[in-house]
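Dear colleague,

I am passing on the structure we spoke about, and it is shown just below. My notes on what was found in it follow.

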Amino acid sequence: MKWQYACNHADHIICISECTKKDVLEFYNVPDHKVEVIYQPVNPIYYTPIAKSETQPYMLYVGAINSRKNLFGIVKAMELMPEDVRMPLIVVGGGGSYKQKVQQYIAEKGIENWFMWPDMVDKMELQRLYTNAKLLVYPSFYEGFGLPVVEAQLCGCPVVTSNVSSLPEAGGPFSLQADPNSAEDICDKMVKLLTDTELRQKTIEGGRRYAAETFDPQRLARQLMNVYEKLKN
């Protein structure tokens, strides 16, 4: 009710993705001309690359650990991966009962050595993790935007994400997009990025370029100011 009231009374509505705009139009019944999409930039540190360092190969997951984010899908995809391709997954994010269920499943399967669970990660450490990861896997069922996808691409980390919600927008044409309901599809995309050197390089270079251009802070700030200028006039 609060959001409906806000949408009805606002002079203009800014959405952070086309997916969010679609939802606002559908659920709050506001006219299209009143809604505009302006993407959001990420933390400024990610726009300045850092050097890679020598580390044990690993994959990365970043985000809250809940059912919507689909960590179970990643775990099941990893079970399907060939042994010579599989590598540990660093899981960055907090969680409650869902995290416990995932960890219980992992323990029952005897695959604890595939997963690492750091306690606290600040922005600088997260940038280092993105920079050195072999890939970010982020097969969420729904996102308003998908910040980790953009952060990873700016750091030169190739991305496997979902083909639904706003994630194709966040990842753009150089992310590999899988059906979040299919562990087989998630696995297939992960294996491709880990084994196809040419595809991997194209994904790294194109993903970084797409993220830097699409989510450029100065350009997005100008778009936002244009909305206020238009309303003032």
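Please keep in mind that this is a predicted model. I begin with Thr161, which counts as buried because its relative accessible area is 0%, and buried means under 20%. Thr161 sits in strand β7, which covers residues 159-162, and a polar atom of the Thr161 side chain lies 2.8 Å from the backbone oxygen of Tyr138. Leaving aside residues up to four places away in sequence, Thr161 touches Tyr138, Pro139, Val149, Leu167, Ser175, Leu176, Gln177 and Ala178.

The other findings concern helix packing. Helix α5 (residues 123-132) packs with helix α6 (residues 147-154) at an angle of about 65°, their axes being 8 Å apart, which makes α5 roughly perpendicular to α6. The crossing in which α5 passes α6 is right-handed, and the contact is formed by Lys123, Leu126 and Tyr130 from α5 together with Pro148, Glu151 and Ala152 from α6. Of the residues in this contact of α5 with α6, four are nonpolar and two are charged, while none is polar.

Helix α6 also packs with helix α9 (residues 197-214), here at an angle of about 120° and with the axes 7 Å apart, and α6 and α9 are therefore oblique to each other. The crossing of α6 and α9 is left-handed. On the α6 side Val150, Gln153 and Leu154 take part, and they meet Gly207, Arg208, Tyr210, Ala211 and Ala212 of α9; the residues of this contact of α6 with α9 divide into five nonpolar, two polar and one charged.

How values were computed
Residues numbered from 1 in each chain as written. Predicted model: local features only at pLDDT ≥ 70, side-chain atom pairs only at ≥ 80, totals over all residues. Heavy atoms only, no water. Axes fitted to C-alpha atoms, helices over the stretch in contact; angles between N-to-C directions. Helix = DSSP H or I, 4+ residues; strand = E, 2+ residues; numbered from the N terminus. Parallel < 35°, antiparallel > 145°, perpendicular 65-115°, else oblique. Left-handed = near helix turned anticlockwise from the far one by under 90°. Contact = heavy atoms within 4.5 Å. Nonpolar A, V, L, I, M, F, W, Y, C, P; charged D, E, K, R; others polar. Buried < 20%, exposed > 50% of the residue type's maximum accessible area, 1.4 Å probe, protein only. Polar contact = N/O pair within 3.5 Å; in protein donor to acceptor, adjacent residues only side chain to side chain.
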